[in-house]
Amino acid sequence: MPTKTLQIPTADGRADAFAAFPDHGERHPGVLLYMDAIGLRPVLEQMARELAGHGYSVLVPNLFYRHGPAPVAELPEYIGEDDRPAVFAQLMPLVEEHTTDRALRDADAYLKFLTAQPEVSAGPVAAIGYCMGAVLATRTAAAHPDQVAAVAGFHPGFLVTDAPDSPHRLVHSLSAEVHFGFAENDLPPEAMKELNQALDAAGVDYTTEIYPGTVHGFTMSDTSAFNPSALQHHWDRLLPLLDRTLTKG
């Protein structure tokens, strides 16, 4: 299927991005895929290809573009438990510098760019993400309720915090249908309860689910957190959500 490496103009420069499209030449609903903290790399490109194979035009920006093109850190092909301290020592400063203000400026640029692509059909798009990307997908949908019809986040980080702009405090702005798939160690029970109460109070059409037998990062096949059955479960939740909201919605 067609893939491209693209440059997205943003308020702070140009973000490199990977894009994958269905191979039958028509326009298809857009999906903005937010990477996890490890960054834009082959496993995420493969996820984009998988989605394109199901009829979606997918854009995966390098969120750390301010520090250079992907990969911005030296990554082993497989990240085992012993590799994680060194990998995250490089990455956490980049995560911490990716402030909410930066994320919202970038979201504006990403959506404008995605919806302008000739492979993307008119109509709503989806914002999906992994780890930190789940937070960014939620913020994007809350800031652009007229454009984003679906939000999906898998092994999310920091959806419920004490901050005034915690993502769970923004859900009243959502018009999207939402699915969050958590690892067993992602969210304490009291935080999960607070998230569900916020979604209920906002009248959001949503599901939250703890994927059994999982640890944080379970969708990522290039890490020791990978769980093949949980990855399939993620597709079983994500694809019907996109079909309901983008294809038939």
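With which side chain does the side chain of Asp-106 make a polar contact? The partner is the side chain of Arg-66, at 3.0 Å (a polar contact is a pair of N or O atoms within 3.5 Å; within protein, one must be able to donate a hydrogen and the other to accept it, and residues adjacent in sequence count only if both atoms are side-chain atoms). The model is predicted: local features need pLDDT of at least 70, side-chain atom pairs count only at pLDDT 80 or more, and totals for chains, interfaces and linings use all residues. Residues are numbered from 1 along each chain as its sequence is written, and side-chain values use heavy atoms, leaving out hydrogens and water.

**Asp-106**
- Asp-106 belongs to helix α3, residues 100-116 (helices, H or I of at least four residues, and strands, E of at least two, are DSSP runs numbered from the N terminus).
- With a relative accessible area of 1%, Asp-106 is buried (under 20%; exposed is over 50%, partly exposed in between; 1.4 Å probe, protein chains only).
- Not counting residues up to four places away in sequence, Asp-106 touches Thr-10, Tyr-65, Arg-66 and His-98 (contact means heavy atoms within 4.5 Å).

**Sheet**
- Eight strands form an open sheet with mixed pairing, in the order β1-β2-β4-β3-β5-β6-β7-β8 (two strands pair if DSSP finds at least two bridges between them).
- Strands β1 (3-10) and β8 (206-210) stand at the edges with a single partner strand each, so one side of each has no neighbour in the sheet.
- The parallel strands β3 (residues 30-34) and β5 (residues 125-130) are joined by 4 bridges, and Val-31 stands opposite Ala-126 in β5.
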